[in-house]
Amino acid sequence: MKIPFRIKDVRRAKSLKSLGLFLVAVVAINIAASFLFFRLDLTSDKRYTLSKPTKQMLAGIKDIVYVKVYLDGDMPIAFKKMKRSIREMLDEFQAYSHGNVQFEFINPAAEGGDKRSTLIASLYEKGLRPVNIQENNADGGMNQRTLFPGAIVLYNGFEIGVNLLTNNSRVSPEESLNIGLQNLEYNLVSAIDKLTKTKLPKIGFIQGHGELDAMHAQGALQTLAEYFNLDSITIAGRMNVLNTFQTVIVAKPTRAWSEADKLVLDQYIMKGGKVAWFVDEVTVNDDSLATGDVTFGLVNEHNLDDQLFRYGVRINPSVLQDAQSVLVPVNMAAPGAQPQFVPSPWYYYPLLNAPNDNIITKNLNVIMSKYPSSIDTVGVGHDVKKTVLLATSQYSRETLAPTMVSLSQVTRKFQPRDFNRPWAPVAVLLEGQFPSPFQNRMVTGVVGSTSSIIGKSRPTKMVVVADGDIIRNDVVRNANGVHPYPLGFDRYMNQQFGNKDFLLNVISYLNDDTGLMQIRNRELVIRLLDKNKIYTQRGKWIIINTVIPLLMLIAFGAAFIWLRKRRYAR
């Protein structure tokens, strides 16, 4: 009779031993986990995996970075999914920064009255772009609400506004959301990187050759000021005066460069300096069209052609026209009649296409230009790689300067055969080692030693854009003073184009030494629901998603009970 008790004692001892081993294993795993850190991403496109530069940047954060995301409350399903993706991304940021990235989600509509108006006004001032959403309501009408799919990143008393939804008129709303998710990591990490850097890259706007004044460069300055340390510089033939700048910008010169200034800029490039060229090859006086029907496009004598040719590009003395262009109000009334302004395409203001296969222009909206010229790439050997960044559409044409520009062209019927210069390049990226056009040349007027002219550059890069107006904002003058428009904003169409993003991406790429710009190359697979099946197979999918899971649960419960009875019935 004592044997059963001994069997029970043995079973109890084995159970206690198993329990003890289990507890020891759990403790050991937790101790090991405190020293080891890893995360698994089982998605096919690795959408939850941060890039290596992001992980390195987050690991180096020394203080709290606080992110306020203004995407919360009652929203359409698509934006709720976007909110979930943002939260998952910020969770990753928090993990890899060892808790130094903290965040919260805020509903701007939660506040009422004056508080809500004040909050929305402050979001506008910080650069967040609102999105108007229209939805069907239960009464068969339409409800409209305004969302701010953006974030404010704060660090040590400084802040940067980040728009998390792309502004691209070429894509559908669903694709726009997907592009926003693709750029999510880059947009957030670049803002954090700029705020946490102890020293911002120094960018110089070259002056002294009739470049853009402060009022017409206001949009460009505001775009870059959050991310870079900006300064203006006059060369005046002083050798090495540009050496403190990581990148310099040549912004729409209208007067000839001296050979001394060109030499100083050339030797800056030879030492590895980067340059963003925004050059008008042809100048057109738009003010003449306000008082008459005709103006002329004349060659701009900036004296930079030989230098750019040596680096690998030639800006043609021409004016491009494109059927894909900005609309401008034109008076169509008969002479002496009441003015009647009609929006008409102005072919001289092309909307340039930005290719999606380059990290500078990926997912950008079209770029507004004014009287651009075409660019040809010329051979300088295999040391320079050339990539087209902006081009016209399929229906564009080119006229050589001097050329007449007439308002009467807006009344002409569009004829595809007249537009025989398709896909004309307007902006080119050059990367590699450049030859100096000043090797074995004597230049007068240089302040400083010219005894050791460098004949070939270190590996560097530059961007050449054959239109200075791409970084020039319009200005309105009224009784209240002079006020600049945002960069890339067309006041006639009341539309924001991609000029601001293009400029920021160009300068960021030229100054990217950490590889953060490569994050813009990541691709997320867009998985949209088939709307046709939603409407035609609604009942079928409701049954599949509700009845079948219940039947599976019942079957599992029945199998579990049967196995349990079979095991313990003996």
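The mean pLDDT of the protein chain, the predictor's confidence in each residue on a scale from 0 to 100, is 85, and 88% of the residues reach 70 or more. The structure is a predicted model, in which local features need pLDDT of at least 70 and side-chain atom pairs count only at pLDDT 80 or more, while totals for chains, interfaces and linings use all residues. Residues are numbered from 1 along each chain as its sequence is written, and side-chain values use heavy atoms, with hydrogens and water left out.

**Confidence**

- Confidence is highest in strand β10 (residues 274-278), at a mean of 98, and lowest in helix α12 (residues 531-536), at 65.
- Where pLDDT is low, the predicted coordinates should not be read in detail.

**Overall architecture**

- The protein chain contains 13 helices and 27 strands; these are DSSP runs numbered from the N terminus, with helices being H or I of at least four residues and strands being E of at least two.
- Of the 570 residues, 45% count as buried, where buried means under 20% relative accessible area, exposed over 50%, and partly exposed in between (1.4 Å probe, protein chains only).
- Among contacts (heavy atoms within 4.5 Å) with a separation of 6 or more, 76% involve residues 24 or more positions apart.
- The chain exposes about 30800 Å², of which carbon and sulfur atoms supply 55%; accessible areas come from the Shrake-Rupley method with a 1.4 Å probe, and for residues only the protein chains shown count as cover.

**Strand pairing**

- Strands β15, β16 and β17 form, in that order, an open sheet of 3 strands with antiparallel pairing; two strands pair if DSSP finds at least two bridges between them.
- Strands β15 (325-331) and β17 (367-368) stand at the edges with a single partner strand each, so one side of each has no neighbour in the sheet.
- Strand β15 pairs with β16 (residues 341-352) over 7 bridges in the antiparallel sense, and Asn331 has Phe341 of β16 as its bridge partner.
- Strands β11 (residues 282-284) and β12 (residues 294-299) are antiparallel and share 3 bridges, with Thr283 opposite Leu298 in β12.
- Strand β12 is also joined to β21 (residues 403-406) by 4 bridges, again antiparallel, and Val294 stands opposite Ser406 in β21.

**Salt bridges**

- The count comes to 14 salt bridges, each defined as a side-chain nitrogen of Lys or Arg within 4 Å of a carboxyl oxygen of Asp or Glu.
- Lys252 and Asp280 meet through their side chains in a salt bridge of 2.1 Å, N to O. Lys252 lies in the loop between β9 (247-251) and α8 (259-270) and Asp280 in the loop between β10 and β11, so the pair ties together parts 28 residues apart in sequence. Both Lys252 and Asp280 are buried.
- Asp474 and Lys370 form a salt bridge whose closest N and O atoms are 2.9 Å apart. This pair links distant parts of the chain, 104 residues apart, with Asp474 in the loop between β23 (460-465) and β24 (475-478) and Lys370 in the loop between β17 and β18 (375-377). Asp474 is buried at 13% relative accessibility, and Lys370 is buried with a relative accessible area of 13%.
- Asp383 and Lys456 meet in a salt bridge of 2.6 Å, N to O. Asp383, in the loop between β18 and β19 (384-391), is 73 residues from Lys456, in the loop between β22 (425-432) and β23. Asp383 is partly exposed at 35% relative accessibility, and Lys456 is partly exposed at 43%.
- Salt bridges with shared partners join Lys252, Asp280, Lys370, Asp469, Arg472 and Asp474 into one network.

- Phe489 belongs to strand β26 (residues 489-490) and counts as buried because its relative accessibility is 18%.
- Apart from neighbours within four places in sequence, Phe489 contacts Met368, Asp474, Asn494, Gln495 and Gln496.
- The C-alpha atoms of Phe489 and Asn473 are 7.6 Å apart, with a sequence separation of 16 residues.
- His216 is located in the loop between β7 (202-207) and α7 (218-225) and counts as buried because its relative accessibility is 12%.
- Residues up to four places away aside, His216 touches Ile471, Arg472, Asn473, Val475 and Arg477.
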